[in-house]
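I am opening a notebook on a structure that is new to me. I will look up a few residues, then the whole chain.

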Amino acid sequence: MRGGHARPVPVDERRVGPGLWIAEGVLFETERLLRSYGGADDHEGIVYWGGIESPGGAIALTALSPTATTTWGSFRTEAEANADLVVSLAQLKLALVAQVHSHPGDWVDHSDGDDVGALVRFLGFWSLVVPNFARAGMQPLHRVGVHRFEDGVFQRLAIEAVAARVRVLPAALDLRKEDR
(Lines give C-alpha, C1' and ligand atoms only; values in the text may rest on other atoms or scores of the structure.)
Protein backbone atom coordinates (compact mmCIF):
# COMPACT_ATOMS: atom_id res chain seq x y z
CA MET A 1 0.00 0.00 0.00
CA ARG A 2 1.07 3.57 -0.62
CA GLY A 3 0.24 5.56 2.52
CA GLY A 4 -3.13 3.86 2.91
CA HIS A 5 -3.96 3.46 -0.79
CA ALA A 6 -3.77 0.10 -2.56
CA ARG A 7 -3.08 1.62 -6.00
CA PRO A 8 -1.20 4.73 -7.06
CA VAL A 9 -3.38 7.84 -6.83
CA PRO A 10 -4.10 9.21 -10.32
CA VAL A 11 -2.49 12.60 -10.89
CA ASP A 12 -4.02 15.39 -12.98
CA GLU A 13 -1.20 17.46 -14.45
CA ARG A 14 -3.38 19.76 -16.56
CA ARG A 15 -2.69 23.44 -16.00
CA VAL A 16 -5.86 24.30 -17.87
CA GLY A 17 -9.12 22.93 -16.55
CA PRO A 18 -11.82 23.55 -13.99
CA GLY A 19 -10.69 25.88 -11.22
CA LEU A 20 -11.30 26.30 -7.53
CA TRP A 21 -11.52 29.78 -6.02
CA ILE A 22 -11.43 30.02 -2.23
CA ALA A 23 -12.45 33.11 -0.28
CA GLU A 24 -9.58 34.00 2.06
CA GLY A 25 -11.83 33.99 5.13
CA VAL A 26 -13.02 30.48 4.26
CA LEU A 27 -9.44 29.28 4.19
CA PHE A 28 -8.64 30.75 7.61
CA GLU A 29 -11.84 29.42 9.17
CA THR A 30 -11.20 25.98 7.67
CA GLU A 31 -7.76 25.87 9.28
CA ARG A 32 -9.24 26.85 12.64
CA LEU A 33 -12.09 24.35 12.40
CA LEU A 34 -9.84 21.46 11.34
CA ARG A 35 -7.61 22.06 14.38
CA SER A 36 -10.64 22.13 16.71
CA TYR A 37 -11.45 18.42 16.39
CA GLY A 38 -10.23 16.17 19.19
CA GLY A 39 -9.82 18.86 21.83
CA ALA A 40 -6.39 18.48 23.41
CA ASP A 41 -5.73 15.30 21.38
CA ASP A 42 -4.62 15.19 17.76
CA HIS A 43 -7.55 14.09 15.60
CA GLU A 44 -8.38 14.32 11.95
CA GLY A 45 -10.93 17.02 11.21
CA ILE A 46 -13.53 17.52 8.49
CA VAL A 47 -14.93 20.71 6.98
CA TYR A 48 -17.24 21.12 4.00
CA TRP A 49 -17.26 24.11 1.70
CA GLY A 50 -20.46 25.64 0.46
CA GLY A 51 -20.29 27.80 -2.59
CA ILE A 52 -21.28 28.33 -6.17
CA GLU A 53 -20.60 26.21 -9.23
CA SER A 54 -19.65 28.24 -12.29
CA PRO A 55 -18.85 27.15 -15.84
CA GLY A 56 -15.14 27.52 -15.01
CA GLY A 57 -15.19 25.66 -11.70
CA ALA A 58 -16.24 26.16 -8.08
CA ILE A 59 -16.16 29.14 -5.75
CA ALA A 60 -15.93 28.31 -2.01
CA LEU A 61 -17.76 30.90 0.09
CA THR A 62 -18.35 29.36 3.52
CA ALA A 63 -16.92 26.63 5.75
CA LEU A 64 -19.25 24.20 7.51
CA SER A 65 -18.00 22.01 10.34
CA PRO A 66 -20.17 18.92 10.90
CA THR A 67 -20.59 16.80 13.97
CA ALA A 68 -18.19 13.91 13.40
CA THR A 69 -16.60 10.98 15.17
CA THR A 70 -12.87 11.56 14.86
CA THR A 71 -9.68 9.75 15.81
CA TRP A 72 -5.98 10.24 15.23
CA GLY A 73 -6.33 8.65 11.78
CA SER A 74 -9.97 8.89 10.73
CA PHE A 75 -13.24 10.77 10.74
CA ARG A 76 -16.81 9.68 10.18
CA THR A 77 -20.04 11.62 9.85
CA GLU A 78 -23.44 10.08 10.49
CA ALA A 79 -26.66 10.52 8.50
CA GLU A 80 -28.03 13.16 10.90
CA ALA A 81 -24.89 15.31 10.58
CA ASN A 82 -25.02 14.96 6.80
CA ALA A 83 -28.69 15.98 6.81
CA ASP A 84 -27.81 19.05 8.91
CA LEU A 85 -25.20 19.96 6.30
CA VAL A 86 -27.69 19.63 3.43
CA VAL A 87 -30.30 21.73 5.27
CA SER A 88 -27.73 24.43 6.10
CA LEU A 89 -26.55 24.61 2.50
CA ALA A 90 -30.14 24.83 1.26
CA GLN A 91 -30.90 27.66 3.69
CA LEU A 92 -27.83 29.53 2.42
CA LYS A 93 -28.78 28.68 -1.18
CA LEU A 94 -25.30 27.26 -1.74
CA ALA A 95 -24.02 24.07 -3.30
CA LEU A 96 -21.62 21.61 -1.70
CA VAL A 97 -18.42 22.25 -3.67
CA ALA A 98 -15.69 20.58 -1.58
CA GLN A 99 -14.67 18.64 1.46
CA VAL A 100 -11.49 19.36 3.38
CA HIS A 101 -10.00 17.01 5.94
CA SER A 102 -6.73 16.69 7.78
CA HIS A 103 -4.27 13.82 7.99
CA PRO A 104 -1.84 13.04 10.83
CA GLY A 105 1.39 13.19 8.83
CA ASP A 106 2.74 14.67 5.61
CA TRP A 107 0.85 12.31 3.27
CA VAL A 108 -1.82 14.28 1.37
CA ASP A 109 -3.22 11.72 -1.04
CA HIS A 110 -6.61 10.11 -0.55
CA SER A 111 -6.50 6.84 1.34
CA ASP A 112 -8.79 3.99 0.32
CA GLY A 113 -10.91 4.98 3.34
CA ASP A 114 -11.06 8.58 2.10
CA ASP A 115 -12.31 7.38 -1.29
CA VAL A 116 -14.99 5.14 0.19
CA GLY A 117 -15.99 7.50 3.00
CA ALA A 118 -16.34 10.68 0.93
CA LEU A 119 -19.74 12.21 1.59
CA VAL A 120 -20.28 12.59 -2.14
CA ARG A 121 -18.48 11.58 -5.28
CA PHE A 122 -19.71 13.48 -8.30
CA LEU A 123 -18.01 14.92 -11.35
CA GLY A 124 -16.18 18.09 -10.40
CA PHE A 125 -16.32 17.63 -6.60
CA TRP A 126 -13.18 18.88 -4.86
CA SER A 127 -11.48 17.19 -1.91
CA LEU A 128 -8.52 18.72 -0.09
CA VAL A 129 -6.26 16.88 2.33
CA VAL A 130 -4.34 19.05 4.79
CA PRO A 131 -1.19 17.56 6.38
CA ASN A 132 -0.22 17.43 10.06
CA PHE A 133 -3.69 18.09 11.47
CA ALA A 134 -3.63 21.55 9.82
CA ARG A 135 -1.15 22.76 12.46
CA ALA A 136 0.81 24.74 9.85
CA GLY A 137 -2.31 25.89 8.01
CA MET A 138 -3.09 25.40 4.36
CA GLN A 139 -0.78 27.85 2.64
CA PRO A 140 1.10 27.61 0.45
CA LEU A 141 -1.54 25.50 -1.28
CA HIS A 142 1.02 23.23 -2.98
CA ARG A 143 1.51 21.53 0.45
CA VAL A 144 -2.14 20.48 0.45
CA GLY A 145 -3.42 17.48 -1.51
CA VAL A 146 -5.93 19.00 -3.90
CA HIS A 147 -8.09 16.32 -5.48
CA ARG A 148 -10.96 16.49 -7.96
CA PHE A 149 -13.44 13.73 -8.73
CA GLU A 150 -13.24 12.89 -12.41
CA ASP A 151 -13.54 9.71 -14.49
CA GLY A 152 -14.94 7.84 -11.46
CA VAL A 153 -11.99 8.52 -9.14
CA PHE A 154 -10.40 11.27 -7.07
CA GLN A 155 -7.37 12.59 -8.95
CA ARG A 156 -4.72 14.66 -7.17
CA LEU A 157 -3.67 17.81 -8.98
CA ALA A 158 0.07 18.08 -9.56
CA ILE A 159 1.79 21.07 -7.93
CA GLU A 160 1.85 22.96 -11.24
CA ALA A 161 -1.86 22.29 -11.78
CA VAL A 162 -2.67 23.57 -8.27
CA ALA A 163 -0.70 26.75 -8.97
CA ALA A 164 -2.59 27.29 -12.23
CA ARG A 165 -6.11 26.25 -11.23
CA VAL A 166 -6.60 26.96 -7.51
CA ARG A 167 -6.72 30.51 -6.17
CA VAL A 168 -7.24 32.13 -2.78
CA LEU A 169 -9.32 35.28 -3.19
CA PRO A 170 -8.20 38.12 -0.91
CA ALA A 171 -10.79 39.56 1.47
CA ALA A 172 -9.92 43.05 0.19
CA LEU A 173 -7.59 44.83 -2.19
CA ASP A 174 -6.62 48.44 -1.66
CA LEU A 175 -5.91 49.76 -5.13
CA ARG A 176 -5.32 53.36 -4.14
CA LYS A 177 -1.95 54.65 -5.14
CA GLU A 178 -0.36 57.02 -2.67
CA ASP A 179 2.20 58.32 -5.20
CA ARG A 180 -0.19 59.97 -7.69
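Predicted model: local features only at pLDDT ≥ 70, side-chain atom pairs only at ≥ 80, totals over all residues.

Entry 1. I asked where Glu44 is found. I placed Glu44 in the loop between helix H1 (24–36) and strand S3 (46–54).

Entry 2. I listed the contacts of Glu44, leaving aside neighbours within four places in sequence. I wrote down Tyr37, the run Thr70, Thr71, Trp72, Gly73, Ser74 and Phe75, then His101, Ser102, His103, Pro104 and Phe133.

Entry 3. I turned to Ala60, which lies in strand S4 (residues 57–64). I read a relative accessible area of 0% for Ala60, so I put it down as buried. Setting aside residues up to four places away in sequence, I have Ala60 touching Trp21, Ile22, Ala23, Val26, Trp49, Gly50, Gly51 and Val97. I also checked Ala60 against Ala95: their C-alpha atoms are separated by 9.2 Å, and the two are 35 residues apart along the chain.

Entry 4. I went on to the whole protein. I counted four helices and 11 strands. I have 44% of the 180 residues as buried. Among contacts between residues at least 6 apart in sequence, I found that 70% join residues at least 24 apart.

Note on methods: Residues numbered from 1 in each chain as written. Heavy atoms only, no water. Helix = DSSP H or I, 4+ residues; strand = E, 2+ residues; numbered from the N terminus. Buried < 20%, exposed > 50% of the residue type's maximum accessible area, 1.4 Å probe, protein only. Contact = heavy atoms within 4.5 Å.
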